[in-house]
Amino acid sequence: MTPTHSTNGAKRYRYYACVAGQKRGVRTCPSRSVPAEPAEAFVVDKIRAVGRDPELLRQVLDRARDAGAARAAELEAERAGLEKDLRGWHAEVRNLSVQLRPG
């Protein structure tokens, strides 16, 4: 589903529509469009429920913390790889500069 809207004069109607339907026709969608306001209210209510349930909040925070740690590990591995590449490029520049020196 993707957010979209239609207008009728000055009135704007927001809704979520099936992406496949927008690309390949409405018959390819497994569901109809959904009005944005009730869908968004439902999501906000669910998020608020997380904050009211200590155990659910702990679970959500644990998952978020784990996801953050995993992403940090990925970024650290990427940083290490980039630093290795940079050291290689520095060595290549030094080698080329030696070859270019007169005498």
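Two strands are said to pair if DSSP finds at least two bridges between them. In this predicted model, strand β2, residues 11–17, meets that criterion with β3: the two pair in the antiparallel sense over two bridges. The points below cover the sheet, the helix that packs on it, and a disulfide.

**Sheet**
- Three strands form an open sheet in the order β1-β2-β3, and their pairing is antiparallel.
- Strands β1 (2–8) and β3 (34–35) stand at the edges with a single partner strand each, so one side of each has no neighbour in the sheet.
- Across the pairing of β2 and β3, Tyr16 stands opposite Val34 in β3.

**Helix on the sheet**
- Helix α2, residues 36–52, packs on the sheet and touches β2 and β3.
- The direction of α2 makes about 60° with that of β2.

**Disulfide**
- A search of the whole structure finds one disulfide.
- Cys18 and Cys29 are the residues joined, with an S to S distance of 2.3 Å.
- The link of Cys18 and Cys29 is left-handed, with -110° about the S-S bond.
- Cys18 lies in the loop between β2 and α1 (19–24), and Cys29 lies in the loop between α1 and β3, so the pair ties together parts that are 11 residues apart in sequence.
- Cys18 has a relative accessible area of 12% and is therefore buried, the limit being under 20%.
- Cys29 is likewise buried, because its relative accessible area is 17%.

Key. Residues are numbered from 1 along each chain as its sequence is written. This is a predicted model: local features need pLDDT of at least 70, side-chain atom pairs count only at pLDDT 80 or more; totals for chains, interfaces and linings use all residues. Side-chain values use heavy atoms; hydrogens and water are left out. Helices (H or I, at least four residues) and strands (E, at least two) are DSSP runs, numbered from the N terminus. Contact means heavy atoms within 4.5 Å. Axes are lines fitted to C-alpha atoms, for helices over the stretch in contact, and angles run from 0 to 180 degrees between N-to-C directions. A disulfide is a pair of cysteine sulfur atoms within 2.5 Å. Buried means under 20% relative accessible area, exposed over 50%, partly exposed in between (1.4 Å probe, protein chains only).
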